[in-house]
Every structure is written in C-alpha cells, then in structure tokens.
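Please look through the sequence and the model before reading on.

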Amino acid sequence: MRLIKTKNYEQMSRQAANIIAAQIISKPDCVLGLATGSTPIGMYQRLIEMYNEGDLDFSSVKTANLDEYKGLTRDNDQSYYYFMYNNLFKHVNINLENTNIPNGTEPDAQKECSRYDKVIADLGGVDLQLLGLGRNGHIGFNEPTDHFVKGTQCVDLQESTIDANKRFFEDISQVPRQAYTMGIGIIMSAKKILLIANGADKADALQKAILGPITPQVPASILQLHPDVTIIAEETALSKMPK
C-alpha cells in the first residue's frame, strides 16, 4: 500500500488525475472503474483540462462505475449517471457506449446484479479502480456488515450514509434507501486501486482502513490485502494517523 499525503484538496485532485492519466496513456483501451461524490470532482476537472490541452485521448477507454441509487432514472440530477455525464463524459471524447453504470431503474435486484457482474466480466475486469471513502468506512456502497460480498449487490443504505448524502437532495426523505454497488470481490479483482480521501470527517475511517484490523465492519480495511493500492489523502483526512 502506497500512501501519498497532500497539503490540500487541489493537490490531491491533481495527483489523482496524474495517476488516471498515466493509466490511459500506457493502455489507451484500459478499463477504468469510476466513482462519484464530491471528492473526485476536482480530479475529473483536471482530467478534462488535460484532454482539452491535447494530452489525453478517451476514445478507446471503457468505464464501469461503482454504484447507482436504486429507483433513480438516468436523467435525475442526483443519479450517478447524471453525475458522470456532467462531470466527465460530455466533456471528453469518450464513447458513451463504452461507459457502464448499474441500472437504477431495474426493480429486479437479482437480475440487475447478475447483469452488471457479466458486464464487468465481459470487459475483462478493471485495470484501475477509483474509490472514495465513506465516513463509516464504506467503499462503493458496501456498508459495514458481518461479511464481505463478492459480486454486485443491492444494499440497504445505513443512516450515516443517508445523512452524509442528504446535502445533495432538497430533503432527507428524497435520499434513496437502496443502491446497486460492485461487491468487495469485484473491487479487489481490479489490477490497481486508487483511493482518494478529503476532509477531517474521513480521518477516523481512513485510519481504521489503513491500520485497523481487516473486518467487514470497516469495508475499506480489505484493501490492506490488495497488492497494488495507492491512497492519496490531504492532511486533514490523515490527522488521526501516527506522526
């Protein structure tokens, strides 16, 4: 596990973008596992800048997103498809047919989870998986539980996650209570993993993920077992790490 400490969010975003860019340059038809939320927005903005400067070509890149709220349509401004389209896809030359996100409108959870597992298998797996970190240690929407789940799953979101995401909605009652997410097994099968963390509210989860016991109660702790993980975090997110 490689840990990179940055002074602020902007530096974290640039460092993360450099790693994603290096993956695209070294393998133009790579499969990127992508994440949403407030943390990666600056990184996506930097990737767009690099594309506009002529330094990146997304035309052969394929993507698979970690998760999607169950029940939201793609055109809902809080869906993760909407997020990805407006924060990255529409600004670069990626082929939208090469982008993959769980279908939040599929009511049959078993059907959708099986479909998304097959999508990732057909892609040949993920070359580089981007992750954020939940306040409770979740990655994707894999919430703390009593076991690690291998494949795509439909999860009941915990109250701490709903509370963290309510700022994106007009009212907490509008926050979906379920989501589709890549399972821990799929995440761990990626060749490389890049986790980015920002803010003091992530410090406890990050410390447990890096130094604590490997337990499904802190889903991110499983990353200790992956052979190629890079964590980029700004200094407040690392405030509970030993000096």
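A residue counts as buried when its relative accessible area is under 20%, as exposed when this area is over 50%, and as partly exposed in between. By this rule, 53% of the 243 residues of the protein chain are buried. The model discussed here is a predicted one.

**The whole chain**

The protein chain contains seven helices and 10 strands. Along the principal axes, its C-alpha atoms fill a box of roughly 45 × 40 × 35 Å. A compact globule of 243 residues would have a radius of gyration near 18 Å, and because the protein chain has 17 Å, the two values agree. Among the contacts with a separation of 6 or more in the protein chain, 78% are made by residues 24 or more positions apart.

In soluble globular proteins, nonpolar side chains tend to be buried together. The largest nonpolar core of this model has 63 residues, and the members that touch the most others are Tyr44, Leu47, Ile139, Leu195 and Leu206. Helix α1, which covers residues 9-26, gives the largest share of this core with six residues. A second core of 10 residues is separate, and it includes Phe141, Leu157, Phe169 and Ala179.

Which residues does Ile139 contact, once its neighbours within four places in sequence are left aside? Its partners include Leu131, Gly132 and Leu133, as well as Ile184, Ile187 and Leu195, and also Pro219, Ala220, Ile222 and Leu223.

| Residue | Relative accessible area | Class |
|---|---|---|
| Thr161 | 3% | buried |
| Gln23 | 7% | buried |
| Asp163 | 34% | partly exposed |
| Leu211 | 46% | partly exposed |

Thr161 is part of helix α5, which spans residues 159-165. With 3% relative accessibility, Thr161 falls under the 20% limit and therefore counts as buried. If residues up to four places away in sequence are not counted, Thr161 touches Asn136, His138, Phe141 and Glu143.

Asp163 also has its place in helix α5. Its relative accessibility of 34% lies between the limits of 20% and 50%, so Asp163 counts as partly exposed. Although Asp163 and Val175 are 12 residues apart in sequence, their C-alpha atoms are 8.7 Å apart in space.

Apart from neighbours within four places in sequence, Gln23 is in contact with Cys30, Leu32, Asp127, Leu128 and Lys192.

Leu211 is found in helix α7, which runs over residues 203-211. Because its relative accessible area is 46%, Leu211 is partly exposed. Leu211 and Gln224 are separated by 13 residues in sequence and by 8.5 Å in space, taken from C-alpha to C-alpha. When residues up to four places away in sequence are not counted, Leu211 touches Gln224 as well as Met241 and Pro242.

Key: Residues numbered from 1 in each chain as written. Predicted model: local features only at pLDDT ≥ 70, side-chain atom pairs only at ≥ 80, totals over all residues. Heavy atoms only, no water. Helix = DSSP H or I, 4+ residues; strand = E, 2+ residues; numbered from the N terminus. Rg over C-alpha atoms; globule rule 2.2 N^0.38 Å. Buried < 20%, exposed > 50% of the residue type's maximum accessible area, 1.4 Å probe, protein only. Contact = heavy atoms within 4.5 Å. Core = buried A, V, L, I, M, F, W, Y, C linked by side-chain atoms within 4.5 Å.
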